[in-house]
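Colleague: I would like to go through some of the labels used for this model. Please show it first.

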Amino acid sequence: MDRYKGELLSANTRRFLAQPKRMLIGGEWLDAAGGGTLDVVDPASTQVFARVPAGEAADIDRAVAAARKAFEQGEWPKMRPVDRERLLLRLADLVEANAQELAEIEALDNGKPVTMARAVDLALMVDFLRYMAGWATKIEGATMDVSVPLVRDREFFGFTRREPVGVVGAIIPWNFPLLMAAWKAGPALASGCTMVLKPAEETPLSALRFAELVLEAGYPAGVFNVVTGHGHTAGAALASHTGIEKVAFTGSTEIGKLVGKAALDNMTRVSLELGGKSPVIVLDDADPAVAAAGAAQAIFFNQGQVCCAGSRLYVHKSRFERVVEGLSEIAAGMKLGAGIDPATQIGPLVSAAQQQRVLGYIRSGFDQGARALAGGTAGEGEGYFVKPTVLVNTRDDMKVVREEIFGPVVVAMPYDDLDEVARRANDTPYGLGASIWSNDLSRVHRLVPKIKAGTVWVNCHNILDASMPFGGYKQSGIGREMGRAVLDLYTESKSVIMAL
């Protein structure tokens with residue numbers, strides 16, 4: 001633990017790390033019912049630096065019961081929309097006031113650069129909580145001038161109500177632990193739901209610190225609960241629980257399908273934000289230097305551990321060599337290091353398993369004839385590092401082109417015309433994001449409708465805003481996060497017809 005007491009960590013972070021870690025259930029901090037714990041590993045050093053409870057089905061039962069009680073009894077169901085708005089605003093203020101500590105916890109737990117966690121993860125989290133707070137007072141139904149043609153001799157009045165769906169089970173991934181927690185908690189709490197949050201076993205710490213802030217903000221006991229544990233135990237128990245009305249999942253397509261099947265068995269409402277293999281399309285009028293920098297940001301941001309990472313780079317053949325050369329120079333010059341080091345540009349991957357998975361994809365690319373212009377290997381020394389990698393000589397049928405790698409690896413391929421690149425960009429089971437790089441707005445507008453993706457960026461990538469819906473086509477998911485659209489996932493519409 002000594003290395004975590006140095007100048008790189010604030011006093012608040014050191015205090016949090018030193019205290020015992022327990023789950024929040026019904027307003028109480030509890031150990032797992034079975035007494036088990038999980039090791040928390042720093043991916044930059046491979047050292048265990050904390051332990052959290054290994055919650056299982058019994059703990060999920062306790063948390064769901066607490067959330068059910070809070071939803072149906074006490075002050076939460078009586079709370080007015082403006083009071084829910086004020087609670088969320090207070091929570092956003094607390095997150096903002098503790099942003100440096102939260103960023104440091106995220107950097108230790110996940111490996112991402114602390115500067116990025118502070119400037120991106122925490123900034124987006126605060127903005128989203130404040131945005132969702134505003135919706136608490138704007139959830140509304142509608143009135144209808146109904147006809148009721150079968151009963152002509154009576155008058156009727158019709159209206160709809162939007163009501164909270166109930167108890168929400170939220171299962172979040174390890175790549176953006178805090179931000180994904182906010183993406184679930186914001187609309188759930190704004191709409192009047194209660195929830196049980198199950199963070200990824202690799203990155204449980206920031207969810208527990210966030211839970212402390214939820215209590216400090218003044219939320220009633222049981223409204224927000226956190227159960228740490230393995231996905232195949234606690235996560236599976238939550239997804240299949242008969243006591244929840246909705247499950248919200250962000251993660252891989254493979255696991256998302258299992259969550260969806262478990263939810264279907266109980267007819268539980270479900271939203272799934274899943275994987276991607278997003279294309280970056282560079283047209284023949286684009287500035288090669290600008291396109292190279294954009295492609296680098298699209299794939300190397302968060303070590304490539306991004307569902308909408310720009311992992312397939314399609315460059316018009318007239319620009320291909322210059323763009324790929326510029327991208328390779330950027331990749332080769334990026335500084336690898338521990339996330340808590342402010343100078344780090346590329347942190348470690350989250351775990352040994354993830355590092356080996358990414359390196360396995362790179363090896364498969366080499367076996368099928370790909371060539372690395374940059375990277376292609378693990379980083380030197382301890383830690384789960386993979387060097388930023390640019391692969392060329394790749395084909396559309398290769399494993400590295402077709403499957404989600406979830407690491408700092410991009411495959412670069414030339415193309416001839418817009419119809420060809422649209423077809424190739426869509427030749428994937430995924431459809432989460434895409435970006436187009438060009439100043440020819442006429443061609444951009446013609447290309448955008450052809451791309452089957454939930455978000456299309458133009459001359460940027462990975463740009464998010466709380467007001468813009470985010471989600472995918474095809475196997476990239478069901479439903480939309482953020483924006484007005486997310487409220488549909490956390491509310492039910494009730495029709496009322498009244499005979500006058």
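Modeller: The model is predicted. Asp-39 has a relative accessible area of 41%.

Colleague: Why is Asp-39 called partly exposed?

Modeller: Buried means under 20% and exposed means over 50%. Asp-39 has 41%, so Asp-39 counts as partly exposed.

Colleague: What makes the contact of Arg-51 and Asp-39 a salt bridge?

Modeller: The rule asks for a side-chain nitrogen of Lys or Arg within 4 Å of a carboxyl oxygen of Asp or Glu. For Arg-51 and Asp-39 the N to O distance is 2.9 Å, so the pair meets the rule.

Colleague: Which parts does the pair tie together?

Modeller: Arg-51 lies in strand β4 (residues 47–53) and Asp-39 in strand β3 (residues 37–42), so parts 12 residues apart in sequence are tied together.

Colleague: How do you know that Arg-22 and Asp-31 form a salt bridge?

Modeller: Their side chains come to 3.3 Å, N to O. The limit is 4 Å, so this is a salt bridge.

Colleague: What about Glu-481 and Lys-184: are they buried or exposed?

Modeller: Both Glu-481 and Lys-184 are buried. They form a salt bridge, with the closest N and O atoms 2.6 Å apart. Glu-481 lies in the loop between β21 (477–478) and α16 (487–490), and Lys-184 in helix α6 (residues 177–191), so the pair ties together parts 297 residues apart in sequence.

Colleague: How many salt bridges does the rule give?

Modeller: The count comes to 29.

Technical notes
Residues are numbered from 1 along each chain as its sequence is written. This is a predicted model: local features need pLDDT of at least 70, side-chain atom pairs count only at pLDDT 80 or more; totals for chains, interfaces and linings use all residues. Side-chain values use heavy atoms; hydrogens and water are left out. Helices (H or I, at least four residues) and strands (E, at least two) are DSSP runs, numbered from the N terminus. Buried means under 20% relative accessible area, exposed over 50%, partly exposed in between (1.4 Å probe, protein chains only).
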